[in-house]
Structures are given as structure tokens and as C-alpha cells.
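Take a walk through this chain, from the overall figures down to single residues. Keep the model in view as you read.

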Amino acid sequence: MSGQLAEYLQACRARLQPEQAGLPTYGERRRVPGLRREEVAGLAGVSASYYIRLEQGQASHASQEVVTALARALQLDADEHAHLSELAAPRRRRPAPKPPAERVSPDTAQLIASLAHVPAVLLGRRGDVLAWNPLGHAFFAGHLDFDGPQRPADRPNMTRLLFLDAHTRALYPQWTLKARAVVANLRLTAGKHPDDKELSALVGELATRSPEFAKMWADHRVRACDSTTHHMHHPVAGELVVNQQTLRIPHAPDLTLTLVTAGPGSAAQAALTLLAQAVAHGPGER
């Protein structure tokens, strides 16, 4: 974990320019992007030698007081601060137990089924599709088997689909913005679950198979998915602007429910209504 902490501090430091931090440059030519290590240490009120040890991976963790000071110096937002706290926290010496299999509770399944007119998809922390309603399936991945999420070995993974599946990629005309947001959320999750071997395997697979993913992952951006407006190109519903909201499941905070909505009276709402009617009366009716 000290290596991840070091890489994250380096990335945050490189993104912050001296003028943003209120530091004079006197017009000199700087040899490093962003701030120098000594400048970060001074802004945070810690010794330069200690901060250098953090960036070199020689210090395994930092106190919350130091984390808060570094977050302030590096001008991190709430998500970035939380991620830094996770990376800097002391880790247990014993191997972490294998996380339990992700399951859909009866209450959550009933909720998803009741949302007949709203695309709904339940995701696990790695982005695996645990459940979706017929409209959610038709909206995001109608080319896949509807019953796939019921078989753990066959569950679609939305991050994998976004980078490796042509159908999913074509849904987003502004694909790069969507991809960056998904990678930033995945890195935030990886910081919370550093011992998740399946998550590490997913990251390794995508970094190997997708140069775009590898580049975005190396950027060390973190951001929680919440509510985002997307311009989408759907093969059936056509061009539409929708809002994707990500909600946490109270009894299972690692699971998220993604809902797609459109403005009242908008063309997108009409398109979603037509898609829902097609799903309800089509051969795949469920």
C-alpha cells in the first residue's frame, strides 16, 4: 500500500501548479511538473525529509493529522481526501479474509422489478451486474443475455464492457468523459479494498487489453459516481440526454443502484417510454 500512497502523492503534486498554491516562481524554469516535494512539505507543515519518505514509499502510513494537512496543501476535494486517507491508513499484517459473494437481497430485487418505467441496474463494487430490470437491460446491454447476472460466472462487468465492448462504447458519443469517470470511481473503490484480488485482476486485465484504460488508471484521478448527465446514442431509442443517478444500498454500501431518468416532457423521456413499451410487448417480455 505504501507504493500506492507514494504514486498518488506524486500524481497530486504534479497536477498542482505553484500559482494555484500561491507560491511565487520568480520566472525560473522548473524541472518538475507541478510543485516540488519541499514545497508540498512546507505547505503541509511537515518536514521535507518525512514527506520525501512518503513519496518514495519508505513510510507505510501517515496519521490523520498529516493526511488532512497534505490534503489541504494539495487542494484535494472530499473524494480525493478520502482516498488519501484510505491509502495512508495502517494495514493489518494478517491476510484479509476473502470477501463474501455479492448477492441481491429479496427487498432490493423487488425494488428493481417494481421500476418498470425506469432503467435500473444493480452493480457490485467491481462493476459486475448483479441484477437489472428489463428496461435497464434493454437500455445498457440489450445484446447480452438478460439472465447473465443470475449466473455469477457470466455476470457482465460494466467497466469491462465500456472499454472492450463496441456496443457499450457506441452508447456514449462523449466516451472519454464517461470512461474517465468510471476509472476514477474504480480507483476510489480499489483504495477502499486493497486486498480484493478479483478487483486487482480486473484492473490488470483492462490495463493489458486497453491502452486507454492503462493511461487513465495511471492518472490516479478519483471520483465517486453520483449524478451525471449523459448524451447517449441508443440503437433503438436514438439520440437522448439522460441523467444517470447512482444510489447506495443501505444494508450493502458496496452495492450501487444506477437509475436513468429524463426531464419531464423531454424527447428523452418520450424515447424511454417507447423503449419501455417495446420491451413490454416484445419477444423478450418478462
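What follows goes from the whole chain to a handful of its residues.

This is a predicted model: local features need pLDDT of at least 70, side-chain atom pairs count only at pLDDT 80 or more, and totals for chains, interfaces and linings use all residues. Residues are numbered from 1 along each chain as its sequence is written, and side-chain values use heavy atoms, with hydrogens and water left out.

Start with confidence. pLDDT is the predictor's confidence in each residue, on a scale from 0 to 100. The protein chain has a mean pLDDT of 91, and 95% of its residues reach 70 or more.

Now the overall build. The protein chain holds 13 helices and five strands. Both are DSSP runs numbered from the N terminus: helices are H or I with at least four residues, strands are E with at least two. Along the principal axes, the C-alpha atoms fill a box of roughly 70 × 45 × 35 Å. Of the 286 residues, 45% count as buried. Buried means under 20% relative accessible area, exposed means over 50%, and partly exposed lies in between (1.4 Å probe, protein chains only).

Contacts and surface come next. A contact means heavy atoms within 4.5 Å. Among contacts between residues at least 6 apart in sequence, 56% join residues at least 24 apart. The accessible surface comes to about 15100 Å², and 54% of it belongs to carbon and sulfur atoms. Such areas come from the Shrake-Rupley method with a 1.4 Å probe; for residues, only the protein chains shown count as cover. The chain carries 32 positive and 28 negative side chains. Lys and Arg count as positive, Asp and Glu as negative, while His and the chain ends are not counted. The centres of the two sets lie 6 Å apart, with each charge placed at NZ of Lys, CZ of Arg, CG of Asp or CD of Glu.

Move to helix 2, residues 37–44. Its buried residues are Glu-39, Val-40, Ala-41 and Ala-44. Just after this helix, Gly-45 takes a positive phi of about 75°.

Gln-75 has a positive phi, near 60°. Gln-75 sits in the loop between helix 4 (64–73) and helix 5. This residue counts as partly exposed because its relative accessibility is 43%. His-220 also has a positive phi, about 65°, although it is not a glycine. The loop between helix 12 (211–218) and strand 3 (227–234) holds His-220. His-220 has a relative accessible area of 7%, so it is buried.

Go back to the loop between helix 5 (78–88) and helix 6 (106–114), where Glu-102 lies. Is Glu-102 buried or exposed? It counts as buried because its relative accessibility is 13%. A polar atom of its side chain lies 3.0 Å from the backbone nitrogen of Arg-125. Leaving aside neighbours within four places in sequence, Glu-102 is in contact with Gly-124, Arg-125, Arg-126, Leu-130, Arg-155 and Leu-255.

Arg-91 is in the loop between helix 5 and helix 6. At 34% relative accessibility, Arg-91 counts as partly exposed. Arg-91 and Pro-194 are 103 residues apart in sequence and 9.5 Å apart in space, C-alpha to C-alpha.

Gly-148 lies in the loop between helix 7 (134–141) and helix 8. Its relative accessibility is 3%, so Gly-148 counts as buried. Beyond four places in sequence, Gly-148 is in contact with Asp-154, Arg-155 and Pro-156. The C-alpha atoms of Gly-148 and Arg-248, 100 residues apart along the chain, are separated by 22 Å.

Finish at strand 3. His-234 is found there. His-234 counts as buried because its relative accessibility is 3%. Its side chain reaches the backbone nitrogen of Ala-237 at 3.1 Å. Not counting residues up to four places away in sequence, His-234 touches Ala-138, Phe-139, Leu-171, Leu-240 and Leu-275. Thr-228 lies in strand 3 too. Thr-228 is partly exposed, with a relative accessible area of 36%. Outside four places in sequence, Thr-228 is in contact with Val-242, Asn-243 and Gln-244.

Conventions: Polar contact = N/O pair within 3.5 Å; in protein donor to acceptor, adjacent residues only side chain to side chain.
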